[in-house]
Structure formats: C-alpha cells, structure tokens
Amino acid sequence: MRRPAAAKALVVAVLAAAFGAQAVAALLPHVPLLLAATAASLATEAALYRWQRGVLLLFAKSHADLTVRHVLRDLLLVVALLRLGEQDREPAYAPLVAGLLVFYALHCAIQAVSVLVRRTRTLPVVTRNIDASALRLSPAPPALLRRPGHRLLAFGLPATAGLLATAVTDRPLYGAVGLALALVPALAGLGALLLRLLPGRRPAGEQEVLDWFDAWLAEYRPTVGLYFSGGASSAYQANMWLEPLAKLEGRPLIVLRERFMVQKIAATDLPIVCLPKVSTLMRLEHSTLQVLIHPSNSGKTSQVLRIPTIKHTFVNHGESDKLSSCNPYAKAYDEVWVAGPAARERYALADVGVEDKDVVEIGRPQLDGVRPYAGPPTGAYTTVLYAPTWEGWDGNPGNTSVIAAGENLVRALLADPGVRLLYKPHPLTGSVDPRAGAADLRIRELIRAANRERALERPAADGELSLRTAELDRLTTSVFRAGADQVERMLLQGAPEPGRAEAVARATAAWEEAYWASLPEGEHQIVTDAHPALYSCFNQADLLISDVSSVISDFLASEKPYAVANTSGLPEEAFRAAFPTVAAATVLTPDAAGVPQLLKTVRHPEHDRLAEARAQLKRRLLGPAEPPSQERFNAAVRSLCEAARDHRTRTAQRPTAELPAQRRATGREHPAAQGAVAAPDTAP
C-alpha cells in the first residue's frame with residue numbers, strides 16, 4: 001500500500017516542481033531552464049495518463065485538471081516570449097498569442113459539441129441480441145474527440161512545442177507552424193462532430209426510440225423476464241439463471257437497469273433490454289410480459305414492483321442458512337421460489353412476513369450438469385476444492401473462513417503430498433473487510449510457493465486448449481473498438497445467429513475438458529476467472545471445504561463429502577443446530593486440526609459415516625430428483641403467468657368507475673397491450 005502512495009506523491013512533486021521551474025525560467029528569463037522544465041512537465045503528464053490515472057482525479061477535485069495545467073504551461077511560454085524579446089518584438093508575437101487563443105476557443109467548442117453528440121447517442125433504451133438497425137445506429141466518434149484531456153494533449157502538443165522553439169530561437173515561424181499543426185486537426189475534429197448533429201446522421205430521438213421499443217414489445221410478445229439491477233461485481237447473480245431462463249417455454253427476456261450491465265451479462269441468445277429511467281420501465285405495464293423473476297434485491301427493485309399487470313417472484317442467487325437468504329424484502333414479491341423444504345422452513349422460522357402459501361419449491365435447475373459421486377479418488381491425488389464465501393456486510397466473523405482459518409486450512413491441505421488444491425475465492429472477497437483481501441493474497445502466495453516446490457512437468461502442448469479457447473472466445477466475446485460507445489455496441493450486437501446458444505454450450509464443455517487435461521495432474525490451481533465455472537470445479541473435486549453459503553447446497557447435488565469451517569465462535573453442537581446445511585458436514589475448527597482425518601475419510605469411504613446424511617440433506621435442501629428441477633421451474637412460471645392473466649382479466653372486467661384514477665385508460669394504449677389479457681398463446 002505504501003509504494004503506490006509514494007509513487008503518486010512523487011509524480012505530484014515532480015509536476016509541481018516542473019511548473020515552478022517553468023515559472024522561474026519565464027520570469028528571469030532563462031532559456032535552458034525553460035526548455036528543461038517544459039519538457040519535464042509534458043513527460044510527467046504522459047506518465048500520469050499511462051501509469052497514475054488516480055492522480056488525475058485528485059487534480060480534478062483540486063480544480064487543477066488538464067485544461068488548467070495546459071493553459072498554465074502555454075501561458076508561461078507566452079510570458080517567456082515577452083520577457084525574452086525586445087519591446088519592438090511584441091507585434092511579431094501578437095499573432096502567436098491570437099492563434100493560441102483561437103486554439104483554446106476551438107478546444108472549448110469541440111467539448112461543447114461532443115457533449116451534444118453524446119446526448120444524441122444516449123438512448124432511453126439499450127439493447128443486446130435485438131435488431132435495432134431501424135434506430136439509425138452508427139459507429140462512435142473517435143475517442144480522441146470525446147476525451148478532453150487526451151485531445152488537449154494530442155492537439156495542443158504541436159502548439160506548445162512551437163512556442164517553446166520560438167522562445168529558444170527567437171523565430172516566430174516555429175510558433176506559427178506549431179499553432180497551424182494544432183489548429184488544423186482541431187478544426188477537422190469540430191467539423192466531424194458537427195456533421196454528426198445533422199438530422200440524417202444522428203441516431204433516432206428519444207420518442208422515436210420509445211415508439212420503436214413499444215413496437216418491438218408488441219412483435220416479440222414477451223411472457224417472462226429476468227429483472228436485474230446491481231453493481232459491476234454482482235453480474236454473476238443474474239448469469240447463473242441465464243441457462244434455466246433460456247430453457248423456459250414462452251418468450252423470455254432480460255430486463256436491466258444499469259447501462260454498464262448490458263456487457264456484464266454472460267453469453268446468451270436471450271433478448272436484453274436496459275431501461276435506466278423509471279418512466280421507460282413503466283412501459284412494460286402495457287406489454288404482454290406476465291412474470292418477472294428476481295435473483296436479487298436492490299434499491300431499484302421497488303420501482304418495478306409498482307407495475308400491477310406483472311407478477312413478481314424472488315428466486316435468489318443461491319440459498320444458505322445465513323439471514324440474507326430470508327430477507328424481509330421477500331414479502332414484497334407475489335411468490336418466493338426456493339430449492340427445497342429446508343428453505344420453506346427457513347422462511348417460516350424467520351417470521352419475516354412471507355406466507356407459506358407463497359413459497360414454491362422448484363429445486364436448482366442450474367445443477368443439472370453436476371455429476372454425482374462416483375466413489376473415492378482413483379488417481380494419485382485427492383482434489384480438494386476450497387471455496388470460501390466473502391465477509392458480508394455485517395462484520396460477523398462466521399461469514400467467511402478466509403480471515404480466521406483460511407491460511408491454516410490451506411497449509412494443512414498443502415502439507416499432504418497427495419492433495420491437489422483448487423482455490424476459488426468469492427469474487428467480493430476483501431470488498432468490505434481489508435483483512436479478508438490481505439488473507440486472500442497470502443493464501444494465493446502459499447499455493448504458488450507449493451507449486452514451485454512440486455515443480456511438476458506440464459503435459460505436452462497439443463494446441464487443443466488454444467483451439468478451444470479461440471472457438472469459445474469467438475462465440476462468446478464481442479470485439480469492440482477501444483472507443484466504442486453503447487450505440488456502437490448495440491449496432492454490433494444485434495439479433496444472434498440461429499443455434500448460437502447450443503454452439504456456446506458445446507464449446508464451453510469442450511473448453512473445460514481441454515483446460516483440465518492441459519494441467520499437470522498434481523498442480524494446485526487458483527481459480528478466479530469466469531471459466532472454469534464453479535460447477536466445473538465441483539466435477540473435478542473429491543471434497544469441498546467451504547463456509548455456510550449456497551456453495552454447500554449446490555455441492556450437495558453431487559452427494560460428495562464436504563466440510564464447513566466453523567469461525568463463528570459457537571461450539572460444534574450449537575453450530576450444527578444453527579445451520580442445517582452443516583448437518584451432513586465435517587466441521588473444521590479454525591486451526592484446521594481435523595484436515596488429516598477428513599482426507600482419510602474421503603480416500604477410504606468405509607470410514608465415511610455421513611454418506612446417508614448427505615443424501616437425506618440433499619433432498620431436504622434441493623427437493624426430489626423427480627420431476628427434474630427445470631420442469632418444476634417451468635411449472636412454477638406457467639402457474640404464475642396464469643395468475644397474472646387472471647388478474648388482468650378481472651381488472652378488465654371491472655367497471656371503469658371502480659378502478660383507481662391513475663389506472664384508468666388514457667385513450668392511448670400501448671400496442672403490445674392489445675390482446676395481452678386473454679390471449680392464450682402468451683402463456684409460456
């Protein structure tokens with residue numbers, strides 16, 4: 001932590017010293033010092049943009065942004081010119097000063113026009129996997145024209161160099177040439193931006209986009225959607241439901257609220273719409289959309305719950321015994337869908353206002369690809385997956401084992417020569433408690449050191465993984481220009497090619513097989529990327545060590561042995577009583593003393609006394625194996641869609657005078673609403 005702070009302080013000191021030296025050189029005047037100080041100032045600016053962008057924010061907060069610094073630098077050069085030249089030379093320098101003023105006027109004009117262009121390209125609806133070519137979408141303007149700092153450095157450098165050369169040689173020609181080289185691209189850039197404001201060159205206006213969106217809703221006629229709002233690191237909560245959603249009957253879609261989230265959603269063929277404004281979101285009220293599925297709670301959830309024509313259900317992004325899995329917010333939804341009987345009991349015991357009749361057990365459709373237990377390890381190594389959860393918001397020491405037990409657990413596992421460790425920390429580890437982040441880094445270093453000691457030979461590269469990676473990237477990665485904006489991405493991410501989803505599933509399975517085959521058999525792994533996924537790690541593992549989290553419930557689909565680290569401070573009996581998901585687990589203390597015996601049990605299943613308990617707990621947590629979870633998910637959607645249609649029918653049959661004033665017809669119906677109430681083909 002000290003090195004970055006020291007580097008920032010050094011950069012600030014160097015830049016301040018350069019400006020101070022330039023001011024002294026301009027006032028003396030002193031040409032060598034002026035040359036050196038100006039060069040040092042420009043070099044430091046380049047270093048700021050390359051390595052210390054955080055300092056730029058500090059300068060901006062201090063009202064010393066790049067524009068101010070660049071004006072100051074050029075102003076000092078003008079002062080130096082006036083101090084160096086005789087009085088009769090001032091008329092020769094006047095055109096240079098005038099040209100410099102024109103350049104800065106152009107810079108301000110470009111910035112003003114770029115703001116106008118950006119506004120025309122900020123659409124009220126952002127889409128993905130939808131053909132939006134009717135909106136006159138176009139590539140974004142060059143990034144240089146949209147970024148004032150970069151633009152001023154690039155366009156202004158010739159002017160600064162010309163003025164400096166004039167100060168050194170006393171020849172105004174150099175300054176004139178430098179200013180010309182600065183003015184020409186500035187004029188060209190301003191002209192290019194002005195052309196984009198012409199009616200035929202800019203994207204569709206707000207009302208035109210909204211009308212297009214209404215027409216698309218009427219044509220697509222969505223029946224069920226996934227609603228998601230959250231931060232950049234929370235996209236995994238929505239991504240885990242993409243495949244089950246895609247397998248639903250009917251016409252599903254994804255509804256987002258944050259523009260950046262459009263690119264955070266994983267590869268899918270489902271249509272994605274981002275509706276940042278509440279007024280745009282309310283247009284869903286008159287569409288054929290009947291059910292919205294919510295994998296998480298957020299501040300913007302309450303906004304969509306106001307739509308009375310849509311039924312809402314909460315599915316969460318995993319289930320555990322933690323209090324967050326039975327949040328009182330859940331009572332705001334029409335139904336709460338859970339995996340099995342344990343979650344139903346959890347809501348009843350929590351007494352947070354969720355009635356038992358509103359709880360529906362659907363299983364966990366994401367777990368269909370988790371392979372069942374096939375016996376003890378057969379190779380030279382026992383693969384152990386350590387997948388701790390994060391520290392949470394409440395400071396409870398029992399939330400994560402990373403801080404109190406993580407290093408002890410990893411040391412104990414690495415001490416066994418027959419263990420291959422897969423370490424997969426939660427993506428939010430360290431986001432609240434710095435101690436968790438620091439412990440995570442130490443654990444990673446322990447694993448790297450253990451790998452260096454083993455020094456295993458890697459399998460001969462046959463190019464298979466590279467081929468599979470290239471194919472998966474081709475199917476799942478959209479390649480954009482560095483300066484692409486949302487409109488350009490919409491243009492490039494139109495309707496997907498038929499069969500892409502199936503191709504992605506095949507490519508993902510082939511990549512995972514090639515990935516695991518490419519690794520030395522006993523090499524420990526730190527898994528932090530999107531691939532391999534958690535469930536792929538489940539299939540590799542012989543044993544899971546985790547915390548009280550949804551990872552345990554999902555791993556139980558395999559019925560393999562698992563252990564839970566008890567960092568809560570509770571005695572083991574109280575810990576098991578407080579957290580039912582621990583019922584079939586081996587409980588480990590923070591000192592990891594039980595790891596050797598745990599590994600013995602995994603390798604010799606005749607010593608495993610918890611196998612039957614795991615099978616029973618699986619049924620309690622995840623529900624029955626038949627019918628399959630995806631079928632139960634489908635059935636729950638059908639039932640709630642039917643309830644939504646019944647509600648619309650009853651509302652339509654009520655006399656207008658009985659309806660609340662804000663719900664009465666206004667004479668302008670959304671086109672998607674026509675036939676939405678009773679049309680039988682809208683059922684999923």
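**View 1. Ten residues, 10 in number, line the largest cavity, with N316, E319, W337, V338 and Y347 nearest its centre.** The elements giving two or more residues to this lining are β7 (335-338) and α14 (341-350). The model is predicted: local features need pLDDT of at least 70, side-chain atom pairs count only at pLDDT 80 or more, and totals for chains, interfaces and linings use all residues. Numbering starts from 1 along each chain as its sequence is written, and side-chain values use heavy atoms, without hydrogens and water. A cavity is a set of points, on a 1 Å grid over the protein atoms alone, where a 1.4 Å probe fits but cannot get out; lining residues have an atom within 4 Å of a point. Helices (H or I, at least four residues) and strands (E, at least two) are DSSP runs, numbered from the N terminus. β7 gives the largest share of the lining, 3 residues.

**View 2. The second largest cavity holds about 30 Å³ of space.** Its lining consists of F103, L106, H107, I110, R151, L152, F155 and A186. At least two residues each come from α5 (90-120) and α7 (148-169). The largest share, 4 residues, belongs to α5.

**View 3. Helix α25 covers residues 629-653.** Its 25 residues should span 36 Å at 1.5 Å a residue, and the end C-alpha atoms are 36 Å apart, which agrees. The expected span is 1.5 Å times one less than the number of residues. Buried residues (under 20% relative accessible area, 1.4 Å probe, protein chains only) include F633, V637, L640, C641 and A644. R632, R645 and R648 are also buried.

Technical notes
Buried < 20%, exposed > 50% of the residue type's maximum accessible area, 1.4 Å probe, protein only. 1 Å grid on protein atoms, 1.4 Å probe; cavity = no way out; pocket = protein on both sides within 12 Å on 5 of 7 lines; lining within 4 Å. Points joined across faces, edges and corners; volume = space filled by probe spheres on them.
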